[in-house]
Amino acid sequence: MSGRRQFWLIETGVTVRQEVLAPATKTQIAELVSGKSAPAEQPIAQAAPQTPDKSLVLLSRIGNTNPLSIDDYIANNGFAALRKAFSIGADQVIAEVTASGLVGRGGAAFPTGRKWAAVASQPVKTRYLICNADESEPGTFKDRVLLEGDPFALVEAMTIAAFATGSQHGYIYLRGEYPRALKNLTNAVEVSRNKNYLGENILNSGFNFDITIFRGAGAYICGEETAIFNSIEGYRGEPRNKPPFPVEVGLFGKPTTVNNVETLVNVLPIINNSGEQYATWGSTGSKGKKLFCVSGAVSKPGVYEVTFGATLRQLIDLAGGLKSGSTLQAVLLGGAAGGFVGPQDLDLELTLEAARAAGTTLGSGVVMVLDQSVNMLDQLQRIAAFFRDESCGQCVPCRVGTVRQQEALARLVSSNSADETAIDLHLLRDLGQVMRDASICGLGQTAHNAIDSALTRLKVFSA
Amino acid sequence: MSAQVTTGLQVRKSVELTIDGKKITAPEGSTLLDACRASGIEIPTLCFGDTITPKNACRVCMVELEGSRTLVPSCSRKVEAGMVVKTDTDRTSHSRKLVLELLGSSVDLSLTKNVSKWNSNYDANPSRFGAPSTHHGKRDEAVTGHHHHPDGKTAETVHQPVKIDNALYVRDYSKCILCYQCVDACGEQWQNTFAITTAGRGFDARISTEFAVDLTDSACVYCGNCIQVCPTGALMFTSEFEMREAGTWREEEQTQTDTICPYCGVGCSLTLHVQDNTIVKVTSPSDHSVTHGNLCIKGRFGFQHVQNTKPE
Ligand SMILES: Cc1cc2nc3c(=O)[nH]c(=O)nc-3n(C[C@H](O)[C@H](O)[C@H](O)COP(=O)(O)O)c2cc1C
Ligand code: SF4
Ligand code: SF4
Ligand code: SF4
Ligand code: FES
């Protein structure tokens with residue numbers, strides 16, 4: 001422990017209270033301890049400026065239903081998809097999800113129907129479902145809106161996913177720093193259980209399923225699907241070797257489906273209508289609705305629902321355009337594991353295929369808009385520090401590579417010799433390649449992406 | 001395609017795959033490294049040992065597998081029918097070179113076998129990241145998510161003082177490559193004592209007892225099975241450590257004699273390492289079908305009684 005810290009004692013007999021205060025100052029904390037209540041949290045819907053709007057698909061209930069009320073949920077089309085799933089049967093549910101073209105919204109864009117079919121076909125019958133609600137990619141806050149504002153939708157979608165894959169138990173691996181999501185989800189799970197939307201013989205279907213909420217403890221790496229298994233099993237949050245893949249050997253060694261919150265919530269419109277109908281939304285290679293987390297120098301930052309195919313310019317306009325006085329310097333797409341694009345890329349279609357063709361990624365839907373006030377060199381160093389801090393430390397390319405990358409950047413920032421700059425740029429490329437090629441998991445494999453894009457696309461060090 | 005290979009009493013199916021353009025067959029369940037070694041292809045390994053299921057953490061043994069976006073660790077990846085593998089490409093060489101450089105620049109590899117040979121094979125130059133840092137934090141006290149912002153003038157290392165807290169062995173984690181073998185030997189793969197594990201994250205990750213207490217306050221039972229598997233000399237008999245410090249350790253003069261432990265009915269095989277007619281350390285043959293190199297405190301460390309001299 002360094003420095004002097006002040007402690008307030010909680011004595012026996014004092015009722016323990018939980019308050020949410022962020023950001024917090026020392027004075028405010030002292031006031032809380034002396035009995036004051038924290039100011040009310042911002043309304044959930046404030047994070048989604050398009051809401052309330054019932055014509056939205058993923059955000060239709062945000063801001064106009066009470067997230068704590070199952071009656072409100074049912075009155076707004078709640079559990080209709082679950083009833084339909086039970087009537088059409090597990091195989092047909094998977095067929096609809098496959099036909100919809102839905103791919104994972106957690107970053108890796110893996111086809112959801114294929115994942116479910118793989119689990120459903122395993123000979124081992126004990127199977128798990130995990131909803132990845134760890135949401136730790138810098139700049140990502142879309143799942144939070146769903147978790148806080150429409151928690152019954154997640155319960156319903158998970159029950160459908162479990163029914164389709166033949167899983168008996170589900171976990172929500174919840175980001176530890178989401179207290180309101182914890183409260184609303186806990187309520188949703190308990191109320192659903194009381195009303196037989198969870199538990200034994202759900203709605204007389206003969207299907208049994210229940211959900212446990214498991215809180216993360218604040219490590220980015222624990223959002224990686226196999227690190228989640230270790231974390232839930234009580235081990236260090238380290239990714240596992242693949243193969244074997246989670247669909248064969250996952251949580252507690254059993255076949256496991258891991259899906260992102262947004263991925264799961266997309267299943268409801270697919271089942272309510274049809275996979276075919278869902279597939280009419282979007283482009284050839286990217287189907288359906290997508291949430292983007294627009295932050296930075298825009299007038300109305302927040303979570304936006306669009307149909308795949310909108311351009312970056314359209315999305316920024318949707319968010320009220322650039323703040324007055326701002327000129328666009330760069331946009332970070334996909335988060336720290338994603339990449340930068342520049343003002344010349346505003347007409348980029350936000351589809352998986354267009355992003356791939358442009359050498360970038362949509363990742364988890366981060367659109368961080370940086371204006372002229374941002375020092376790009378500081379940004380890059382911040383990203384490098386992030387990966388160094390969040391590496392689990394298991395494999396050499398990432399454990400040491402992220403440190404060497406940070407050191408090389410520090411030299412580049414202060415370099416005043418073209419020769420030295422060239423040497424360090426070469427070094428960075430070497431590091432990027434070994435991290436991408438030889439790291440165990442996606443963290444190390446993407447730890448050079450954003451920096452690479454800043455070097456090649458924004459040419460930060462070639463001025 | 002379903003030819004059978006007989007290994008001892010087991011009958012294993014064999015699979016056919018292509019390595020470096022040559023069709024080969026390998027027993028099902030074996031690794032790419034096994035297959036490469038069987039066909040005379042040399043691949044460097046650092047974290048791989050012969051008695052522990054590898055954690056494939058060092059990534060020096062990577063090979064190219066057709067259809068795989070990334071390289072794959074040959075020490076752990078099992079053979080599959082139809083695989084097309086390349087062991088010597090620009091990408092594999094690049095990865096090996098960089099792994100050697102990354103480890104070489106951060107860890108003391110002076111006692112790790114073959115490193116200088118591989119450095120020259122792969123043109124690895126660990127010093128190109130800058131001079132080793134002289135700023136040494138207290139690694140056991142590292143706080144997750146906090147680090148000094150580097151200025152890039154030096155390359156950070158894991159250098160730290162040797163831990164000498166008991167009479168039997170020392171822990172010099174400046175030499176540790178985090179291969180996890182000691183953790184697995186102490187834990188679920190052999191000893192089931194769980195005295196040590198990894199603590200901290202990222203570059204701060206380190207092998208530690210619970211709350212970094214001295215070994216004498218930990219769950220350690222001094223079987224020394226961690227020393228047996230440690231490939232870097234980070235874990236070392238105190239006898240060896242003291243002789244190295246004094247400059248009297250002369251491995252080339254030592255003889256090795258296999259014998260049976262006299263203490264109990266298990267009858268483990270011991271290999272006595274002897275210099276100047278004195279036992280200087282004890283190992284156990286790792287290819288022994290029963291003990292796999294494992295011993296208990298008596299067989300491992302209880303040798304002083306055969307060479308007691310009168311105190312001067
Ligand atoms: C370092 C790292 C962190 C990740 N964090 C998250 C996360 O917070 N939430 C998430 O949904 N997926 C995360 N992922 C992706 C998951 O590994 C996995 O691909 C995803 O949850 C699968 O669900 P999907 O197919 O529905 O996208 C992360 C991956 C890596 C490598
Ligand atoms: S790539 Fe990084 S985070 Fe992933 S296993 Fe390796 S050290 Fe851990
Ligand atoms: S101390 Fe030795 S065996 Fe243990 S992790 Fe380090 S190098 Fe491996
Ligand atoms: S090493 Fe231990 S277990 Fe083995 S024979 Fe000796 S006393 Fe018995
Ligand atoms: S020897 Fe294979 S990863 Fe270390």
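Five salt bridges (a side-chain nitrogen of Lys or Arg within 4 Å of a carboxyl oxygen of Asp or Glu) are found by the rule across the interface of chain A and chain B. This is a predicted model, in which local features need pLDDT of at least 70 and side-chain atom pairs count only at pLDDT 80 or more, while totals for chains, interfaces and linings use all residues. Residues are numbered from 1 along each chain as its sequence is written, chains are lettered from A and ligands numbered from 1 in the order in which they are written, and side-chain values use heavy atoms, with hydrogens and water left out.

**Interface of chains A and B**

- One pair in a salt bridge is A:Glu390 and B:Arg201, whose closest N and O atoms are 3.2 Å apart.
- In chain A, 40 residues are in contact (heavy atoms within 4.5 Å) with 44 residues of chain B.
- The two chains bury about 3,500 Å² between them, 51% of it on carbon and sulfur atoms; buried area is the accessible area (1.4 Å probe) that two parts lose on being put together, summed over both.
- On the chain A side, A:Arg388, A:Arg404 and A:Asp437 lose the most area to chain B, together 17% of what that side buries.
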